[in-house]
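Subject: Structure handover

Hello,

I am passing on the structure below, followed by notes on what was found in it. Please read them with the model open.

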Amino acid sequence: MGLYVETSIRGGMDELWERSQDPAQHQRWDLRFTSIGYLPRAEGEPQRFRYATRVLPFLSVDGTGVSAGERHRDDGTRVSALRFASEHPLSLLAEGSGYWRYVPGPDGIRFLTGYDYRPRWGRFGALADRLVFRPLMGWATAWSFDRLRLWCERGTPPGLALARAIGESVLRALLCAAALVYAPTAVALLVLAVALLLPPLPGTPAARRCLRTPPGRTPASAPRLLSTLEPS
């Protein structure tokens, strides 16, 4: 898979599963989506869904997908897989697939994802994806995973976590601006370095707290469940 993100969450497995699998709860913490909703399905069929992401105040990009999950496995882990696609003309993402794994351990639940997608718009789309979109998607996934962790571990509602992140970013920007205007050059450079390098407060979501590559040298592999899903 092209993108990989992993975090460790000290919380209950059932709670984590519900907050990541229930669309109403999922859309609260995942920065990549504005809305997610299940579509009607027949008994025994994989679950199809529709998603939307607001890119401008009056513009949303939408798409559809299909997912399936294994909640009860012999080794105590859980897994879900999905395929997704968008026919929206402004969506750089054409189609893709991914998975989530839930691995219980002594220090918490390893919650990880791997996913990849095919961009559209030919060479321009491939370049835009490599330079801008793919790094942004990786950061947004990691930041969202940490927001979910704070919700499960500290009980911090996702909306409050976002407000804290915005407030802390604004405060750092104001301090930098004040230092550039009023402080000597050496002091201003020091303030800029501290503002950029100082980790966010413990209660503020941060992408840097998540792993962005699989641990060890073995690439993460997609679950067999993914092969059972037809393209959305």
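Helices and strands here are DSSP runs, numbered from the N terminus; a helix has at least four residues and a strand at least two. Please keep in mind that this is a predicted model.

In those terms, Trp121 lies in the loop between strand S7 (108–119) and H3. Although Trp121 is not a glycine, its phi is positive, at about 75°. Its relative accessibility is 39%, so Trp121 counts as partly exposed.

Two packed helices are described by the angle between their axes and the distance between the axes.

Helix H3 (residues 122–154) packs with helix H4 (residues 158–182): the axes come within 9 Å and cross at roughly 125°. H3 is therefore oblique to H4, and the crossing is right-handed. On the H3 side the contact is made by Trp143, Arg147 and Trp151, and on the H4 side by Pro158, Gly159, Ala161, Leu162 and Ala165. Sorted by class, this contact of H3 with H4 has 6 nonpolar residues, 1 polar and 1 charged.

H3 also packs with helix H1 (residues 13–21), at an angle of about 140° and with the axes 11 Å apart. An angle over 145 degrees would count as roughly antiparallel, and 65 to 115 as roughly perpendicular; H1 is therefore oblique to H3. This crossing, of H1 and H3, is right-handed. Glu15, Leu16 and Arg19 of H1 meet Leu148, Trp151 and Cys152 of H3. The classes in the contact of H1 with H3 are 4 nonpolar and 2 charged residues, with no polar ones.

The last item is Thr77, in the loop between strand S4 (59–70) and strand S5 (78–85). Is Thr77 buried or exposed? With a relative accessibility of 11%, Thr77 counts as buried, because buried means under 20%.

Which side chains make polar contacts with the side chain of Thr77? One is that of Arg73, at 3.2 Å, and another is that of Asp75, at 2.7 Å. Leaving aside neighbours within four places in sequence, Thr77 is in contact with Arg71, Tyr102, Val103 and Pro104.

Regards

How values were computed: Residues are numbered from 1 along each chain as its sequence is written. This is a predicted model: local features need pLDDT of at least 70, side-chain atom pairs count only at pLDDT 80 or more; totals for chains, interfaces and linings use all residues. Side-chain values use heavy atoms; hydrogens and water are left out. Buried means under 20% relative accessible area, exposed over 50%, partly exposed in between (1.4 Å probe, protein chains only). A polar contact is a pair of N or O atoms within 3.5 Å; within protein, one must be able to donate a hydrogen and the other to accept it, and residues adjacent in sequence count only if both atoms are side-chain atoms. Contact means heavy atoms within 4.5 Å. Axes are lines fitted to C-alpha atoms, for helices over the stretch in contact, and angles run from 0 to 180 degrees between N-to-C directions. Angles under 35 degrees count as roughly parallel, over 145 as roughly antiparallel, 65 to 115 as roughly perpendicular and the rest as oblique. A crossing is left-handed if the near helix is turned anticlockwise from the far one by less than a right angle, and right-handed if clockwise. Ala, Val, Leu, Ile, Met, Phe, Trp, Tyr, Cys and Pro count as nonpolar, Asp, Glu, Lys and Arg as charged, and the others, Gly among them, as polar.
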